Amino acid sequence: MQSMQVILKQYFGFSSFRPYQEEVIEKIIAGRDSLIVMATGSGKSLCYQVPPLVVGKTGVVVSPLISLMQDQVMSLKQRGIRAEYMGSSQSDNTVQSRAESGQFDILYMTPEKACVIPVSFWSKLLRAGICLFAVDEAHCISEWGHDFRVEYKQLDKLRGVLVGVPFIGLTATATEKVRMDVVNSLKMENPYVKIGSFDRGNLFYGVKLFNRTQSFVNELVQEVSKFVRTDGSTIIYCTTIKDVDQVFNSLKEVGIKAGIYHGQMDNKARAESHRLFIRDELDVMVATIAFGMGIDKPNIRQVIHYGCPKSLESYYQESGRCGRDGMASVCWLYYTRSDFTKADFYAGECQTESQRRAVVESLMAAQQYCLSTTCRRKFLLGHFGEIFPSDKCGNCDNCISSKKERDMSREAFLLMACIQSCRGKWGLNMPVDILRGSRAKKILDAQYDKLPLHGLGKEYSANWWKALAYQLISSGYLTETVSDIYRTVSVSLKGEQFLSSAGPDHQPPLVLPVTSEMVDDEDNKSTSGEVGEIKSLSTLECEGFSEDEKQLYHSLLEERRKLARSLGTAPYAICGDQAIKKIALTRPSTRARLANIDGVNQHLVVAHGNHFLQIIRHLSQGLNLLLDGEAPIQTAITKKVYPVSNHQQRKLTPAKFEAWRMWHEDSLSIQKIANFPGRAAPIKEQTVQEYLMEAAQEGFAIDWVRLCDEVGLTEKVISDIQCAISKVGSREKLKPIKDELQEDISYGHIKTFLTMEKCGISLDGPLPNHHNAGKDDQLLKKETELLPSSMHTSPMEEPHEVKTSGRDSDAYSLDKNKETASLPFNREQGLKLPEVHFEDLLSKKRQKLGSPKEESKTTLKATENSILDWLSTKNGVTLSAILEHFNGSEEDCVIERLTGLESDFMIYRKNNMYFVL
Ligand SMILES: Nc1ncnc2c1ncn2[C@@H]1O[C@H](COP(=O)(O)OP(=O)(O)OP(=O)(O)O)[C@@H](O)[C@H]1O
């Protein structure tokens, strides 16, 4: 059983769990029924995705939407996880039989499917192994939830079939009632209940007043186009299809890549729209809330509500679709006053008075949110019963804008006194009309025109007074209540205290913010964005980036998109924007460094690592950016690692080091390096070869297979050189050896051979045979190319390593002077033609040298195996502890080994500790 941490890095690329994930996963693995209520985008899915990979049994997940399942399956497959879905649109009819025999790690199905599939399916799957039955979007089970689905109610039937399997309910919104419903409906026994915070700290919340005119739409389009230029995806939620069309057409007119999604489109058109959006082929989706649950795209940067939603629950859900990857994102809500009068419309289908009341109350809460002048986050969280610990979050319009404030004690007095005179029997219209001196029939009938306050507030518009009223409601001077679908406003205790200390000519000061509606009236300004002008937050995305790095980031996003297109997947399924950001900042040059980046998983490194490295190198060169720069934003896992330290680099002259780097890291041929265009004058190929030999002797990594191939050092040539050496009886001078050999065997061949000997490279396998270049050679070459770089001789690998049998023993240091004597072939007799196949040299990933007899037990030497052995006995070890333990190896060399192991996903780092994967 692999550890959860290992699975997290290996499959998901993340180095640490988010809050609650770890404990939830532990409980699920232990077989406990669980109810997980955590914020949208907080990472609930991982809670059911990790256990199957840890225990090696299938996890079944019920999910309400086919599109959601398809997206999740696509992402999981891209991570190397065996996932599938079962539902009406599944065209592969082998899925069911493969599923029941336990061939999937994660199996999604619709609730309908889960209910109708025969019991025999479940029995077989039980035999094959099933570790959990998860119900995603579990609030659908409850009639109290906002997305009730009848089929969800029937899932309890499976309880009797899946005996012993833990049932997991997951949802982002659940009131106490809904929670109880989920627990009861799924017949959970002593469930583990985890309720996380609803706060989405990376989301900015803002509200704007607008009017549904074309000029406002144009303004909106301008705002969105700014965003689009910075590679952000946007959803614009409209309340009507008419609005959807208007906004969509306006976006199209200016050339923005926008899509459309609403309930009147046919299934095919909707699916296509959805597909294009999640694959980053569209920048903006204009939709009704039909484009809802199941938008799993993590890199949506902006959600705009074009019209007030019907409740804060829906607003939280819909706005929560943005910034799921944790990056800074923006939620704007645009409202008009007429949005608040739609209670009748929303309550249209309600059967009972209490349902109607619930609808009105929900809309009222949304209205209060819009009109609130205090911290939006605090308000929103407060609505869900969570107390935000401060009065200002610093990430909403009200917290960051510099709103005007002024003393409104006189106006407040008039309004409150008027409401009191009406005895709290009315909503806001009546007292406002009285203050504005209306002589409407209702006023005359009630004789309100006789009140001394009648007509005293003519200088302000009705909307101004209403705006003041909402301020007084939110600051507790007025109370709004709902009876049936009518709202009434009355003066609260706090308001009464104010009134008792005030009179028509004197009032205690009451300073209140001037809201946008008031500004509208007072300064006669346009309605949009005048109050507390807030900059688009899209620039946050590029914080800390130089101009060139920004460009690199955008180019990398584009490259990821191309790759995704060629793979038929979504760009985010390859890796998240956050990982791309880190790649742009660090510009890794090796697979190990790439693997080190948070969000980069093993599948990406193995399948696309080389492709990415090539692109990074190419783009960085074009922008004059150095590779392996350090990211200003770092997580523990993105710490820099040095395959070649400065200290080692100094052992070679710059020209030699550069030649080695070009050959080893840039994979240029000797011939290309010799004639590299940037050079003042070409150098001889032979010189480059000599530089490489020197680098090898200084301990720099050399892929010997590639080198032998390149210089033509075949088995036959080696054998001839060995014969010549034994004839001469010495390797002191090269000329006598050369004289013994055919013309076409050069000094270069001899020198390379001798260097290999010196470096202790095992020659007990067939080398590429150029005289007889056949299939095997090509295969070998191909394999060499395909293998991760660390599968070649790993960088800076020390040549004096004792080959240990398996992982059982540590390796010990060797006396350098003895190394040549320990080569596993007999020089006097010439090269023994190998019995071990040459691929072994590659697959064993090590240079075999020496004999165990020469082990010294005093100093411990770091080899990949010895490191793995030792780390597997520990629960995390720091680098300094590793260095201390492997005191027989130099620091750079140990770091190199660690780097190689990291890039092979054999170990991983967290909080500066190394762990075995
Ligand atoms: N430990 C982690 N480290 C970094 N990113 C993570 C981690 N766990 C999850 N994520 C990322 O967070 C994003 C949201 O996760 P997920 O889809 O599981 O959210 P959710 O809670 O299920 O949301 P919803 O309720 O909307 O379905 C995904 O992009 C996921 O890859």
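At roughly what angle do the axes of helix α39 and helix α41 cross?

## Helices α39 and α41

They cross at roughly 75 degrees, and the axes of α39 (residues 864-872) and α41 (residues 891-903) come within 10 Å. Helices here are DSSP runs of H or I with at least four residues, numbered from the N terminus. Axes are lines fitted to C-alpha atoms over the stretch in contact, with angles running from 0 to 180 degrees between N-to-C directions.

So α39 and α41 sit roughly perpendicular to each other (that label covers 65 to 115 degrees). On the α39 side, Glu864, Ile867 and Leu868 make the contact, meeting Arg897, Leu898, Gly900 and Leu901 of α41; contact means C-beta atoms, placed from the backbone, within 7 Å.

## About the model

This is a predicted model: local features need pLDDT of at least 70, side-chain atom pairs count only at pLDDT 80 or more, and totals for chains, interfaces and linings use all residues. Numbering starts from 1 along each chain as its sequence is written.

## Helices α34 and α36

Next up, α34 (residues 715-728) packs against α36 (residues 747-759) at about 85 degrees, axes 10 Å apart. That makes this pair roughly perpendicular too. Val717, Ile718 and Ile721 of α34 touch His749, Ile750 and Phe753 of α36.

## Around the ligand

The ligand has 18 residues around it, the closest being Phe14, Gly43, Lys44, Ser45 and Pro298 (a residue counts as near if its C-beta atom, placed from the backbone, lies within 6 Å). Helix α3 (residues 44-55) supplies the largest share of that shell, three residues.

Domain 1 (4-195) and domain 2 (203-400) both contribute to the shell, so the ligand lies between them; the bounds come from an automatic or database domain assignment.

Key: Helices (H or I, at least four residues) and strands (E, at least two) are DSSP runs, numbered from the N terminus. Angles under 35 degrees count as roughly parallel, over 145 as roughly antiparallel, 65 to 115 as roughly perpendicular and the rest as oblique. Two residues are in contact if their C-beta atoms, placed from the backbone, lie within 7 Å.
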